[in-house]
Amino acid sequence: MERRQRLEQMIQIAREAGDMIRQAREAQDFSHQYKGGDELVTEVDVAVDRHIAAAIDHHFPGEAKLTEELAPDRSQLTEKGPLWIVDPIDGTVNFAYGHAHVAVSIAWAIEGEVQIGIVYAPFLDELFTAVRGEGAELNGQSITCSTADSLERSLVATGFPYARDKRAPLIRRLNHVVHHCRDIRRNGSAALDLCHVGCGRLDAYYESVSPWDFAAGLLIAREAGARTGHLYACPDGIPEELYGENLLVAAPAIHQALGDVVRAADAGKRLELD
Ligand code: IPD
Ligand code: CA
Ligand code: CA
């Protein structure tokens with residue numbers, strides 16, 4: 001199947017998932033649970049994961065899937081064959097609290113390279129899409145990242161893991177970054193953060209996240225002209241495009257400066273303010 005046909009099919013699947021998410025919020029009748037200690041998961045996350053996985057199996061039989069809730073087997077992150085990477089609800093806490101900043105994220109990779117990414121925000125009816133080498137779009141209109149060229153005038157997003165004991169080094173980073181940028185956002189959906197870098201609603205984003213959080217959004221940001229990469233060299237054995245530790249995605253002219261600030265925070269150095 002051609003990539004454009006795949007994209008159309010993926011859009012249909014994401015819209016169905018979006019309908020489920022909207023209906024679940026209207027009905028307000030879903031259970032909450034916790035996985036791994038403090039990570040919230042609702043029965044809607046699981047139901048949407050199941051729906052998307054079944055739709056992929058139906059339309060693309062035999063292709064491997066990595067889905068956050070029901071098939072989170074990271075050993076699939078290799079440079080082999082086709083792989084689907086799915087986050088049924090990115091922004092679960094937002095979903096549970098009634099916020100609009102929620103997305104379905106679906107990526108399709110071949111040999112470790114993401115070919116198609118889609119991120120659909122059902123409460124905003126915003127659909128971000130990208131096909132590798134063909135640019136990125138929001139609701140069918142081409143998007144480009146911001147032209148920010150000064151970190152001091154840049155809006156930067158990040159996030160924090162659910163595990164509270166992992167937050168201290170990130171607070172150190174935040175403490176550095178907030179002194180060097182215009183302001184910080186913590187919007188609660190990594191997939192949308194990346195798309196928002198792609199369309200200029202943010203100038204930059206850094207975080208460590210899981211493959212399903214960022215695989216689609218990273219392609220969208222890059223196809224929109226953002227510079228994508230990592231704060232540090234990636235380990236061997238996992239394709240870079242599927243490695244979520246220390247991501248740094250920004251308007252090209254501020255990528256280096258933001259990276260320097262975050263690395264200085266990690267090293268315990270103070271960068272002089274301009
Ligand atoms: C979370 C969101 C959040 C990020 C967390 C992710 P979830 O995904 O993307 O912005 O900071 O690290 O786990 O749990 O809502 O799918
Ligand atoms: Ca997520
Ligand atoms: Ca999720």
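Mentor: Buried area is the accessible area (1.4 Å probe) that two parts lose on being put together, summed over both. This is a predicted model, in which local features need pLDDT of at least 70 and side-chain atom pairs pLDDT 80 or more, while totals for chains, interfaces and linings use all residues. Residues are numbered from 1 along each chain, chains are lettered from A and ligands numbered from 1 as written, and side-chain values use heavy atoms without hydrogens or water.

Trainee: How much area do domain 1 and domain 2 bury between them?

Mentor: The domain assignment, automatic or from a database, gives domain 1 (3-142) and domain 2 (151-266). Carbon and sulfur atoms account for 65% of the buried area. The total is about 2,900 Å².

Trainee: Which side chain meets that of arginine 201 in a salt bridge?

Mentor: A salt bridge requires a side-chain nitrogen of Lys or Arg within 4 Å of a carboxyl oxygen of Asp or Glu. The rule finds three across the interface of domain 1 and domain 2. For arginine 201, the N to O distance is 2.8 Å, and the partner is glutamate 126.

Trainee: Which residue coordinates both the calcium ion (ligand 3) and the calcium ion (ligand 2)?

Mentor: Donors are N, O and S atoms within 2.8 Å of the metal (3.2 Å for Na, K and Ca); water is not among the atoms, so sites may look incomplete. The protein donors of ligand 3 are Glu68 (OE), Asp87 (OD) and Ile89 (O), at 2.2 to 2.3 Å. The two calcium ions are 3.6 Å apart, and the residue coordinating both is aspartate 87.
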